[in-house]
Amino acid sequence: MSENVTGKVSMEKLVSLCQRRGFIFPSSDIYGGLSACWDYGPVGVELKRNIKEAWWRASVQERDDMVGLDTSILMNPKVWEASGHVTKFSDPLVECKNCHQRWRADDLKENKCPDCGGELTEPQLFNLMFKTFMGPVEEAANIVYLRPETAQGIFVNFQNALNTSRKRLPFGVAQIGKAFRNEITTGNFIFRSREFEQMEIEYFVKPGTDDKWFDYWVEERLNWYIKLGIKKENIRLREHSKDELAHYAKRCFDIDYNFPMGWSELEGVANRGDFDLKQHMEYSGKSLTYLDEESKEHIVPYVIEPSAGVDRSVLAVLCDAYDEEIVNDELRVLFHFHTDLAPIKVAVLPLSRKENLAAVAKDVYADLRPCFVTQYDDTQAIGRRYRRQDELGTPYCVTVDFQSLEDKMATIRERDTMNQIRVPIPALRETLQAKLAGEDLFVLPEGGQIWKEGD
Ligand code: ATP
């Protein structure tokens, strides 16, 4: 019997599990870490890659109105003058006169230090872009910035993408890549870090059709999370009020997730009008227009921007999939990851390390490995190994036991229900493929059997 015992998972529990099971570690941990920087471990890197691949498939490969780009992190500094980042990408910084802790003024409820109650300095605008120098001489003329968003790499390549892809409006350009922000206050694990990854789309449309496309993308992006298993009750849309809108934005929706610390932004979808292309035309002196076949006029397209954070998506997926239940008086901790996102798809578990059994199990492992991310584990009692795979969110375990030597069958155990079936070893690969694609566990291949634990 199993009984569900979870409410919302606490951040402490999640951070500790992520570290223990190899999802996420503090960066440079042996040197005491580096504030708000994180490393993805052997399991976390698979989860993160799967999220990015699911996004790329849905945003680029499955559509005929989108192309991809991968632009450089360092860009001509004029880009950031044109985009407004040099003058406007700042947060108000205050410092406690007593303990010297620094805070973002707009995060504070009261005008005193949250740590010691001390008096605060007047707010000063603090630019969030990281600066570095290009070339061997460290002087002002050589300053370059680590990009604070991936979007500008798309805008400056608008003409390149248009000419080489021969797309017509409406069409979009997508990019996944690192971004850097020298955030004043960080925290909540990977929610707000100083180095993170974004998945951004700039969708170019004819002026006048932008409202329609804005609504389309808000819905499209919300549904993407739901299709990947995020529970509807944990995700919501929040429209920006007029005074919250960026100066160039016509409309903006946040897609919020109910994280352990409360509802917070997972993704923003904005109607940016023609602000970015016009700014780059003015600063570069180059034309970033589009020849409209109907009117034969050169127009500056409007742009709809769905801008998502990879790390915030990882965090949302971890929070959403986390579960605890009592099974036979013991706590079972598991992640119900969608099969597309699960870092490890199949674990091969020989019942014992005896040579004849290990040989069969290793053959099974070799057969499955080219098809799925598969793990081989022969370390502890079988129950402990199942629990370990549950904590990694592995959808299927394949157990090879002594009976397998005689009947050439193996057991498939499903993560969520713990139900089991027994199938001929040569049918394992196809059967797992079908189960991972969503087929019911109890649909059996020829010669398969329903298998009860303990039989
Ligand atoms: P916030 O209000 O939380 O600072 P933002 O509105 O400044 O976020 P955008 O500039 O819209 O964020 O960036 C788009 C997306 O990039 C965000 O929705 C988020 O998923 C991600 N993102 C932004 N800043 C960070 C960060 N410091 N750490 C992790 N992800 C981030």
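Colleague: In what order do the 7 strands of the open sheet stand?

Modeller: Please keep in mind that this is a predicted model. As a general idea, the strands of a sheet pair through backbone hydrogen bonds, either parallel or antiparallel. Here the order is 4-10-11-17-14-13-12, and the pairing is mixed. Strand 4 (66–69) and strand 12 (235–239) stand at the edges with a single partner strand each, so one side of each is left without a neighbour in the sheet. From one strand to the next, the twist averages 25°.

Colleague: In which sense do strand 10 and strand 11 pair, and over how many bridges?

Modeller: Strand 10 (residues 171–180) and strand 11 (residues 195–205) pair in the antiparallel sense, over 10 bridges.

Colleague: Which strands does helix 7 lie across?

Modeller: Helix 7 (residues 210–227) lies across strand 4, strand 11, strand 12, strand 13 (251–259), strand 14 (262–271) and strand 17 (302–309). Relative to strand 14, helix 7 runs at about 145°.

Colleague: What is the order of the open sheet of 3 strands?

Modeller: That sheet has the order 6-5-7, with antiparallel pairing. Its edge strands are strand 6 (102–104) and strand 7 (124–127), each of which pairs on one side only. The twist in this sheet averages 45° from one strand to the next. Strand 5 (residues 90–95) is joined to strand 6 by 3 bridges, and E95 stands opposite R102 in strand 6.

Colleague: Why is strand 18 described as largely enclosed by the rest of the structure?

Modeller: Of the 6 residues of strand 18 (residues 322–327), 5 are buried, so the strand is largely enclosed by the rest of the structure. Strand 18 pairs with strand 19 (residues 330–335) in the antiparallel sense over 6 bridges; E324, for example, has V333 of strand 19 as its bridge partner. The hairpin formed by strand 18 and strand 19 has 2 residues between the strands, and in it N328 takes a positive phi near 45°.

Colleague: Let us turn to the aromatic rings. Is the pair of Y365 and Y376 stacked, edge-to-face or tilted?

Modeller: A pair of aromatic rings is described by the distance of the centres and the angle of the planes. The count of aromatic pairs comes to 20. For Y365 and Y376, the ring centres are 5.3 Å apart and the planes stand at 40°, so the pair is tilted. Y365 lies in helix 10 (residues 355–368) and Y376 in strand 21 (residues 374–376), so the pair ties together parts that are 11 residues apart in sequence. Y365 counts as buried at 17% relative accessibility, and Y376 counts as buried at 19%. Elsewhere, ring pairs link F23, Y322, F335 and F337 into a cluster.

Colleague: Over which ring does the charged end of R312 sit?

Modeller: The charged end of R312 sits over the ring of F191, 3.7 Å from its centre. In another case, R413 lies over the face of Y386, at 4.4 Å from the ring centre.

Colleague: How many disulfides does a search of the whole structure find?

Modeller: A disulfide is a covalent bond between the sulfur atoms of two cysteines. The search finds 0 disulfides. For C113, the nearest cysteine sulfur is that of C99, 3.8 Å away; C113 counts as buried at 3% relative accessibility. For C397, the nearest cysteine sulfur belongs to C371, 17 Å away. C397 is buried too, with a relative accessible area of 0%.

Technical notes: Residues numbered from 1 in each chain as written. Predicted model: local features only at pLDDT ≥ 70, side-chain atom pairs only at ≥ 80, totals over all residues. Heavy atoms only, no water. Buried < 20%, exposed > 50% of the residue type's maximum accessible area, 1.4 Å probe, protein only. Helix = DSSP H or I, 4+ residues; strand = E, 2+ residues; numbered from the N terminus. Pairing = 2+ DSSP bridges. Axes fitted to C-alpha atoms, helices over the stretch in contact; angles between N-to-C directions. Contact = heavy atoms within 4.5 Å. Phe/Tyr/Trp six-rings, centres within 6.5 Å; stacked < 30°, edge-to-face > 60°. Lys NZ or Arg CZ within 6 Å of the ring centre and 35° of its normal. Disulfide = S-S within 2.5 Å.
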